[in-house]
Amino acid sequence: CATKAAFAAILADGTVVTWGNAQDGGDSTRIHDQLRKVQQIRATNSAFAAILADGAVVTWGSRHGGGDSIAVQNQLREVQHIC
């Protein structure tokens with residue numbers, strides 16, 4: 001999965017590795033501990049969203065590109081798919 005300048009890979013153990021431009025999601029250090037049991041990742045031009053095994057969603061990258069989901073975080077439960 002990729003933004004315009006970063007990549008994200010889900011490893012066999014469900015953790016995530018990111019690289020590339022930090023502002024476009026290449027640096028997931030801030031939320032690294034939350035990226036466990038990742039099932040799926042989607043990307044915009046500058047942000048990523050990961051669905052975890054329990055249906056929770058973790059976002060990172062550009063705030064303007066969707067990387068900040070704090071305003072709707074309590075609604076992002078039991079998510080099955082992100083378009």
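User: Leaving aside neighbours within four places in sequence, which residues is serine 62 in contact with?

Analyst: Happy to start there, and please keep in mind that this is a predicted model. Serine 62 sits in the segment that follows strand 5 (57–61). Once neighbours within four places in sequence are set aside, the contacts of serine 62 are Gln23, Ser46, Ala47, Gly67 and Asp68.

User: Is serine 62 buried or exposed?

Analyst: The relative accessible area of serine 62 is 17%. Buried means under 20%. Serine 62 therefore counts as buried.

User: How many disulfides does a search of the whole structure find?

Analyst: A disulfide needs two cysteine sulfur atoms within 2.5 Å. For cysteine 1, the nearest cysteine sulfur belongs to cysteine 83 and is 13 Å away. The search of the whole structure gives a count of zero.

User: Is cysteine 83 buried or exposed?

Analyst: Cysteine 83 is in the segment after strand 5. Exposed means over 50% relative accessible area. With 93% relative accessibility, cysteine 83 is therefore exposed.

User: What is the distance in space between cysteine 83 and alanine 49, C-alpha to C-alpha?

Analyst: In sequence, cysteine 83 and alanine 49 are 34 residues apart. In space, their C-alpha atoms are separated by 10 Å.

User: What kind of aromatic pair do phenylalanine 7 and tryptophan 19 form?

Analyst: By the ring-pair rule there are two aromatic pairs. In the pair of phenylalanine 7 and tryptophan 19, the ring centres are 5.4 Å apart and the planes lie at 20°. Planes under 30 degrees apart count as stacked. The pair of phenylalanine 7 and tryptophan 19 is therefore stacked.

User: How many residues apart in sequence are the parts that this pair ties together?

Analyst: Phenylalanine 7 belongs to strand 1, while tryptophan 19 belongs to strand 2 (residues 16–20). The pair therefore ties together parts of the chain whose separation in sequence is 12 residues.

User: What is the angle between the planes of phenylalanine 48 and tryptophan 60?

Analyst: Phenylalanine 48 and tryptophan 60 form a stacked aromatic pair, 5.2 Å centre to centre. Phenylalanine 48 is in strand 4 and tryptophan 60 in strand 5, so this pair links distant parts of the chain. The angle between the planes is 25°.

User: Is phenylalanine 48 buried or exposed?

Analyst: The cut-off for buried is under 20% relative accessible area. Tryptophan 60, the partner of phenylalanine 48 in the stacked pair, is buried at 1% relative accessibility. Phenylalanine 48 has a relative accessible area of 1%, so phenylalanine 48 is buried.

Conventions
Residues are numbered from 1 along each chain as its sequence is written. This is a predicted model: local features need pLDDT of at least 70, side-chain atom pairs count only at pLDDT 80 or more; totals for chains, interfaces and linings use all residues. Side-chain values use heavy atoms; hydrogens and water are left out. Helices (H or I, at least four residues) and strands (E, at least two) are DSSP runs, numbered from the N terminus. Buried means under 20% relative accessible area, exposed over 50%, partly exposed in between (1.4 Å probe, protein chains only). Contact means heavy atoms within 4.5 Å. Rings of Phe, Tyr and Trp (its six-membered ring) pair if their centres lie within 6.5 Å; planes under 30 degrees apart count as stacked, over 60 as edge-to-face and the rest as tilted.
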